[in-house]
Amino acid sequence: MAMISLILALTAGLFDSSSSFLNQSAKLQTPYANWKDQEIPFGIHSYYYAPWRSYMDTWDSRRYLEVMGVVFNVGPSEAPATAQVLGEAGIRSARLEIGWNNISYDDPTRLIDQQSKNATTMLQALKNNGIRPILLLNANSGGPAPSKATSVTLTKAAAAGDKVIYVSDVSAIKPFYTGLQGQDSKLMYPVITAVNASTGECVLSAPLKKALPAGALSLVTLKYQPFSGAVYASGAANPAAQETVNGWMTYVGAVTSFAKNALGTEGAADAGFDLEVWNEYSFGSEFLDINNYYETKFTFSTPLTYTNHGQTQTGVEVILPMTVDYVNDPNNKLPGVQVISGFSNQRPWDSGSSIWKGQSGFSRHYYTGYSSSSVISNETTSFKANTTYDGIGQLEQAQYVPYHISAFPERWFYAYQTEYVVRDIQPFPGPYPDHHRYANPGNGQTAQVWMTETNFNRNLFATELMNKTTVSASNAKLMNVMHWIGTKSTLRNYVFYAHKGIHTINLYSVKGGDLAYGILPDAFFTELKNSNYQLTDKVRSQIGPQLKAVANVTKLMKTGVPIDHPRPIKVDSLYEYVPRIVYEGDDTPAHPTGYNQEDAAILPFQLDADKYAIGYYVVTRNLVKSYTDTKDPLDTKRYEMPPQVYEVTLSNIRGTGAKVTAYDPVTDSEQEVNVVKRTATTLTVRMEMVDYPRFLLVQESAKGPLIQNTSLTPSASGATFTFTPSVSGKAEISWGAYPVRTGSTFKEQAYSDEKFQTLISERNVDLIHFDSTTSYLPSRKGSWRWTGTIVPKYSETYTFHIDTIDCNTQLYVNDTLVVKACDYASNMSGSIALQAGQSYTLRVDFTTPYARSQYVSVYWASDSQSRQLVSSDPAGANLISLDVCQNKSVSVSLPQFTTGDGVKVLLTTSNGVSAPFPQWDYDVKGALWPSN
């Protein structure tokens with residue numbers, strides 16, 4: 001039937017006429033999960049690399065159900081009904097700002113009465129519908145802090161550029177805290193720095209931007225001055241700096257106490273909300289620097305500083321760790337409250353390796369959309385030499401840009417920009433080694449990555465259609481097209497972001513306009529108002545297609561059960577029938593033609609021990625593409641991607657006897673799937689993909705293996721590891737230094753010279769891994785040599801990587817020079833073919849002429865092995881293999897297990913299907929971390 005559909009589609013001319021591969025199929029030539037796709041040093045970008053495809057996870061259904069959120073920007077009267085329809089669709093978090101300006105000027109320990117009433121309504125609406133609030137703590141310069149308005153009389157007109165004004169009465173003016181309104185986007189600007197009570201003269205911090213006529217003048221007084229340094233350059237203390245910080249902490253206390261009261265969670269095991277500190281340095285953040293308010297700048301010799309837990313933060317960002325420590329202080333009774341950084345919203349620097357103790361994570365605000373910059377071409381794109389990788393991972397020396405449209409929700413998971421989000425959510429380190437999902441400062445505390453604002457902006461595409469068709473913004477057909485685009489982008493955002501490892505995604509926004517960001521149609525809010533804010537059937541009828549589709553996926557995922565350690569499945573092969581071109585190349589390996597197969601997403605969720613829901617769709621890079629130009633521009637069918645046939649082979653799944661169907665959440669209907677081949681461990685299916693997620697539903701004939709009830713307990717001789725297998729089979733258990741979790745040992749020889757002549761020390765080390773989270777090499781000139789035996793698991797070409805700088809490093813395999821690295825800009829990797837099970841001698845020589853701390857780490861990877869630290873073969877040490885019985889607890893003694901070690905297990909059934917614990921070696925589970 002699938003082939004019949006294909007033939008009919010071809011006959012109807014639904015496939016791209018530009019394709020030169022009609023009636024053919026093309027196999028994806030690289031591994032589906034290709035670690036090389038993330039091998040892009042920071043500062044480099046690429047049009048060819050898709051970092052999200054460098055790894056493939058399998059999650060249980062909770063991953064999807066817990067990730068969905070929105071920015072809750074409705075009014076108090078709209079909140080109860082809106083929260084109800086959101087909750088019913090499966091939305092589980094809502095971002096809500098309670099800014100510093102909502103606090104009372106006269107009593108900064110509480111909210112202004114009206115703000116308290118409004119926020120209470122909002123919070124209770126969310127709680128009543130199972131939606132967890134994320135409270136944004138912010139001081140936007142348009143209303144940065146508690147304030148009170150004052151009106152005075154300007155006795156003389158003032159011209160733009162004046163730095164002095166005259167008023168009739170200065171008694172309500174507080175120098176350095178009072179300023180003018182209406183001169184700037186900042187609430188208080190310029191600031192009045194001095195007054196003369198006799199003459200009414202007021203000295204301003206900066207020239208007036210606008211002329212002022214004599215008469216009434218609006219002033220505002222802030223409770224606190226903008227953030228500043230602790231000590232002036234003169235050496236004089238600046239008490240206002242600490243006053244502002246103290247004010248912030250009073251604000252934190254006021255909001256958290258209010259939230260507990262509004263939610264009724266005082267004394268509960270979970271206070272029921274989370275906090276985000278700050279919102280986007282790029283917008284409204286002037287209050288973070290007092291010099292944004294003054295023409296003559298202040299200079300400071302000492303910044304704000306905060307130290308705790310052996311960590312120190314300087315500058316205005318001290319308010320983040322101070323907030324974290326306040327929330328984690330048991331005396332403040334805020335159990336369960338997570339604190340994330342919003343300072344990180346639009347920068348790539350934050351990572352788990354440097355996170356503040358007790359901080360849950362950090363957030364991003366990476367928006368996408370259709371705009372003039374969506375056109376990628378030589379004419380519209382420019383870059384400097386040596387900043388772009390071509391199709392074979394070499395730096396471009398001359399500009400070559402494949403023409404295409406780049407307007408899609410997943411853009412930040414590609415390498416169009418060097419700060420792609422995958423760096424912090426991939427499950428193993430890449431060229432930016434402190435940035436990955438399990439990065440931590442050596443204590444096992446990782447950072448969650450939240451996306452507390454994002455969405456696909458439809459507005460400019462709507463404008464383009466209005467210009468093309470001359471219809472108005474209120475045209476019903478135009479709005480239908482925009483919500484069709486919105487339905488695809490909302491599904492893609494939730495399913496893709498969840499599966500690739502984002503902890504929470506809050507789409508902007510519930511009420512964002514039919515033509516721009518709105519999830520719910522404007523008609524919903526119009527009808528809600530007409531119904532006196534009651535959720536009637538008529539109001540429900542206006543929910544729109546976006547939330548309906550989300551609700552359908554939620555319904556599917558709710559059929560799943562919690563699985564702590566899902567059994568991962570893999571894609572062994574992928575064929576694209578009638579390949580469709582994404583961009584044309586020039587017939588060279590450096591500039592290949594791109595096809596949809598490289599953007600095909602396979603996203604497995606495990607619903608039960610014998611059941612999977614596997615998301616699949618083409619991550620089309622132009623979400624607003626017109627597929628059928630003969631149709632009217634305001635016909636949604638013009639933008640429906642004609643189904644494209646793919647053949648996919650999945651492995652580590654019980655194919656024999658499995659029942660296979662597919663589900664489309666947009667149409668709420670089953671789709672046909674052609675099962676091509678079944679084996680005990682594989683399943684090959686042929687199915688139609690479109691440009692939004694459908695789900696392959698696989699019901700296996702018997703329950704597969706799971707590792708459950710894991711526990712790692714230190715003991716006098718090492719540790720004891722306990723687990724329960726869900727099926728009978730064979731368990732292989734190894735342990736040793738995290739992350740490789742084996743008995744890996746290399747011989748290290750240290751020399752005082754740079755020519756390996758004068759040996760000064762010799763020892764055994766677990767790994768060739770010296771960095772900030774372990775320990776650097778000693779600060780001295782000299783050389784080091786590491787030797788050991790490696791045994792590859794696969795008969796494949798292995799690539800070795802050396803992460804280091806300012807040194808001369810060589811890597812040999814059986815005396816063959818594989819890598820020679822001289823500095824960070826040189827070739828830091830090399831490849832060699834190896835045979836599975838065969839022993840090889842590895843030698844790494846490292847020299848440095850610098851007397852300073854040095855770091856060096858050695859990784860290896862192949863088509864079947866993700867990037868990981870090289871481990872030596874322990875010749876059977878720290879390895880146990882035993883038969884296990886279904887549902888019978890297994891307890892294993894791990895001798896010499898110590899802090900910094902980890903354990904892993906592979907449970908394999910008689911038919912070859914296996915389940916690991918953990919899924920990734922770098923996972924912090926199953927490792928012993930310092931107790932402090």
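Analyst: Let us begin with Asn622, which is found in the loop between strand S31 (611-618) and strand S32 (644-651). Helices (H or I, at least four residues) and strands (E, at least two) are DSSP runs, numbered from the N terminus. This is a predicted model, in which local features need pLDDT of at least 70 and side-chain atom pairs count only at pLDDT 80 or more, while totals for chains, interfaces and linings use all residues. Residues are numbered from 1 along each chain as its sequence is written, and side-chain values use heavy atoms, with hydrogens and water left out.

User: Why is Asn622 called buried?

Analyst: Buried means under 20% relative accessible area, exposed over 50%, and partly exposed in between (1.4 Å probe, protein chains only). Asn622 has a relative accessible area of 16%, so it is buried. Not counting residues up to four places away in sequence, Asn622 touches Ile405 and Ala407, where contact means heavy atoms within 4.5 Å.

User: Which class does Ser257 fall into, and what makes it so?

Analyst: Ser257 lies in helix H5 (residues 239-263). Its relative accessibility is 40%, so Ser257 counts as partly exposed.

User: Why do Thr150 and Ile790 count as buried?

Analyst: Thr150, in strand S7 (residues 147-154), has 14% relative accessibility and therefore counts as buried. Leaving aside neighbours within four places in sequence, Thr150 is in contact with Ala172, Leu217, Ser218, Leu219 and Thr221. From C-alpha to C-alpha, Thr150 and Thr221 are 7.4 Å apart. Ile790, in strand S44 (residues 782-790), has 0% relative accessibility and therefore counts as buried. Beyond neighbours within four places in sequence, the contacts of Ile790 include Phe800, Tyr840, Leu842, Trp860 and Val870.

User: What makes helix H3 largely enclosed?

Analyst: Of the 11 residues of helix H3 (residues 79-89), 8 are buried, so the helix is largely enclosed by the rest of the structure. The buried residues are Ala79, Ala81, Thr82, Ala83, Val85, Leu86, Gly87 and Ala89. They pack against strand S4 (68-71) and helices H4 (113-128), H10 (522-530), H11 (537-540) and H12 (545-557). Just after H3, Gly90 takes a positive phi of about 110°.

User: Why are H3 and H12 described as oblique?

Analyst: Axes are lines fitted to C-alpha atoms, for helices over the stretch in contact, and angles run from 0 to 180 degrees between N-to-C directions. Angles under 35 degrees count as roughly parallel, over 145 as roughly antiparallel, 65 to 115 as roughly perpendicular and the rest as oblique. H3 and H12 pack at about 40°, with axes 7 Å apart; they are therefore oblique to each other. Val85, Leu86 and Ala89 of H3 meet Leu547, Val550, Ala551 and Thr554 of H12 in this contact.

User: What is the make-up of that contact by class?

Analyst: The contact of H3 with H12 has 6 nonpolar, 1 polar and no charged residues. Here Ala, Val, Leu, Ile, Met, Phe, Trp, Tyr, Cys and Pro count as nonpolar, Asp, Glu, Lys and Arg as charged, and the others, Gly among them, as polar.
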